[in-house]
Amino acid sequence: MASDSKNTLHLSASTLNEQLAQSQKIIESRIAQILSGQVQNNQLEDALRYGALEGGKRLRPFLILATTQLFTDDISPALDTAVALELIHCSSLIHDDLPAMDDDDLRRGQPTCHIKFDEATAILVGDAFLSLAFEIMSGDEKLPTATRLKLIHALTVASGRYGMIGGQMDDIEGEKKSLTLDEIISLQQKKTGALFEYACQAGAIIAGATAPELAALKNYAEHFGLAFQITDDILDVTGTEAEVGKRLNKDEQAGKETFVSLIGLEAAQQAASDSINAAKQQLAIFGDRANMLKGLVEKLNNRKS
Ligand code: GRG
């Protein structure tokens, strides 16, 4: 990672895996720095660090940093937006794992927050991350006020009733009825796709991208989100991790439809490849500068987690 005395930031590695590792390090050290501030309550602070710093691929913040780098060499203005998005993602995972929702006891290979601590703490940690995300973004002095407001508004929409929360509700209600393929696509677009779409738009907003550039990234994100979800469903069937197997049984018990249950494994694999190719095509206007984003969506086909 290149970071000089003026605190500029750049993903300097030449391969995607190295850039992912650089980005992960940048994000985790910024989260650790933010969480190391004034200690309010030891149990809460321990649980916040546990909920945000124990594992995770950090895909969403990488998307923000990598899309920002399409437009500018110094990606430091996007750092706190990337951190805020990751915290909202962490919040959603912690709440999703609660007994009232998916009732999971493992997350990122570790006991879930409510197992490690207790339910009340896990609820508060999720709530605290949501508040903290907007505290960070509203106080981000690297960005003009109008840009901050635009980014905050877009994130409230993506994470709220029109986006992730709406998709989660559709998912819960979907357990009681059978869903069509279009309904699954719409549910997943809200539940998972909306944050990916935000991740691909935020850097472009920060860098002042043109309307065609924003549209290209929105289309990339849409195909990326679909490919992510289809490969997630495929992983449930073909993955070997104990956690994955457990998730499949729970989905089966809950009667949840997936891409694989609806169209079969082979067609799902084809649909994932089609989405990956479509995602890459959207990036044509950026030329070779978009190679990392093309590589990232390609990587979904071989993912193990
Ligand atoms: C926080 C506003 C707010 C609402 C919470 C509980 C809930 C509402 C939403 C749950 C949404 C949910 C669990 C979506 C699934 C997201 C998903 C695909 C998670 C896995 O993402 P990865 O693979 O995970 O990027 P890592 O661990 O690598 O970060």
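Searching the whole structure turns up one cavity of 30 Å³ or more. What is a cavity here? On a 1 Å grid over the protein atoms alone, a cavity is a set of points where a 1.4 Å probe fits but cannot get out. A pocket is an open set with protein on both sides within 12 Å along at least five of seven lines, and lining residues have an atom within 4 Å of a point. Grid points are joined across faces, edges and corners, and a volume is the space filled by probe spheres set on the points.

The largest cavity holds about 140 Å³. It is lined by 13 residues, and the closest to its centre are Tyr50, Gly51, Ile94, Arg107 and Arg108. Two or more lining residues come from each of α2, α4 and β2 (110–111). Helices (H or I, at least four residues) and strands (E, at least two) are DSSP runs, numbered from the N terminus. α4 gives the most to this lining, with three residues.

Two notes on the source. This is a predicted model, where local features need pLDDT of at least 70, side-chain atom pairs count only at pLDDT 80 or more, and totals for chains, interfaces and linings use all residues. Residues are numbered from 1 along each chain as its sequence is written, and side-chain values use heavy atoms, with hydrogens and water left out.

For arginine 60, a polar side-chain atom is 2.7 Å from an oxygen atom of the ligand. Histidine 89 also has a side-chain N or O atom 2.7 Å from a ligand oxygen.

How much of the ligand is buried? Alone, the ligand exposes 750 Å², and the protein buries 90% of that. These areas use the Shrake-Rupley method with a 1.4 Å probe.

On to the second largest pocket. Its volume is about 470 Å³. Its lining has 22 residues, with Ile34, Leu35, Leu132, Glu135 and Ile136 closest to the centre. α6 gives the most to that lining, with five residues.

Last, the rings. Rings of Phe, Tyr and Trp (its six-membered ring) pair if their centres lie within 6.5 Å; planes under 30 degrees apart count as stacked, over 60 as edge-to-face and the rest as tilted. That rule gives five aromatic pairs. One of them joins phenylalanine 71 and phenylalanine 286, edge-to-face, at 5.8 Å centre to centre and 90° between the planes. Why does this pair tie together parts 215 residues apart in sequence? Because phenylalanine 71 lies in helix α3 (residues 59–71), and phenylalanine 286 in the loop between α13 (265–281) and α14 (291–299).

Definitions and conventions:
Polar contact = N/O pair within 3.5 Å; in protein donor to acceptor, adjacent residues only side chain to side chain.
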